[in-house]
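This report is meant to be read beside the sequence and the model. Please look at both before going on.

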Amino acid sequence: MLTLVIGNKAYSSWSLRPWILLATLHIPFEEKQVNLYDEPGKKKLKRLSPTGKVPLLIDGEIEVWESVAIFEYLAEKYPAKGIWPKTRAARAEARALVAEMHAGFMAMRRHLPTNFRREVRLRELMPEVVADVARMEAAWAGARRKFGKGGPFLFGKFSAADAMFAPVVNRLHIYDVKVKKETRAYMDAIMALPAWQAWIKDAFAEKQTHEVYDAI
């Protein structure tokens, strides 16, 4: 049985990424949750994770940290699950989008922090964030146009690319960012996933708070 070490579901965008992939593709796993915002939790995480961060996938004696590395490990271990799209062209674009998300969109990430419990409320966007949103919408639209005919997700069927962008769906939704109709349809598809809804339910059940994120 795989074990996935994650942080607080209310705030941990990186934890959601492998979690929603595993849950949506019905790959059995156990979750081990650590509170990222108190000292006992931080000490526990340092004992568990080589980096002291989440997520961390444990498979027997194998430990894999960083979301993208976890995606690749799962793709090797479960080749029939369709973690990446089938065709070479689609896989190439999916990997490029995942890498772009991993390394970029910093203005959006700073200005619109993840908070799965936040009520939907408009936040005015700085020009840099507007540019990030425009690039995000263009990236999603391009993938959908070229490879999305087989379903409602970026490459038709749910894949690692959708898992990588799932926290962005939360950001766009809770800060009431004005997006195109096609973008909203994709967001609705992600938010309709049973795994997404289970994560949100768990986030609201948590007792921990974060005064900075909750104040935004």
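Predicted model: local features only at pLDDT ≥ 70, side-chain atom pairs only at ≥ 80, totals over all residues.

Residues are numbered from 1 along each chain as its sequence is written, and side-chain values use heavy atoms, with hydrogens and water left out.

Helices (H or I, at least four residues) and strands (E, at least two) are DSSP runs, numbered from the N terminus. Buried means under 20% relative accessible area, exposed over 50%, and partly exposed in between, with a 1.4 Å probe and protein chains only. Strand β1 covers residues 2–6, and five of its five residues are buried, so the strand is largely enclosed by the rest of the structure. In a regular strand the side chains alternate between the two faces of the sheet. In β1, Leu2, Leu4 and Ile6 lie on one side and Thr3 and Val5 on the other, and both faces are covered.

Two strands pair if DSSP finds at least two bridges between them.

| β2 (residues 29–33) | parallel | five | Glu31 |

**Helix α3**

Helix α3 spans residues 67–77, and its buried residues are Ser67, Ile70, Phe71, Tyr73, Leu74 and Ala75. These buried residues pack against β1, α1, β3, β4 (62–65), α4 (88–103) and α7 (160–174). Contact here means heavy atoms within 4.5 Å.

**Thr24**

Thr24 lies in helix α1. Its relative accessibility is 18%, so Thr24 counts as buried. Not counting residues up to four places away in sequence, Thr24 touches Phe158, Leu193 and Ala195.

**The nonpolar cores**

A nonpolar core is a set of buried Ala, Val, Leu, Ile, Met, Phe, Trp, Tyr and Cys residues joined through side-chain atoms within 4.5 Å. Which residues of the largest core touch the most other members? Of its 65 residues, they are Ile20, Ile83, Trp140, Phe158, Phe165, Ile190 and Trp196. Helix α7 gives the most to this core, with 10 residues. Ile190 touches Phe153, Phe158, Asp162, Ala166, Val169 and Trp196, not counting residues up to four places away in sequence. A second, separate core has eight residues, among them Val34, Leu36, Val54 and Leu56.
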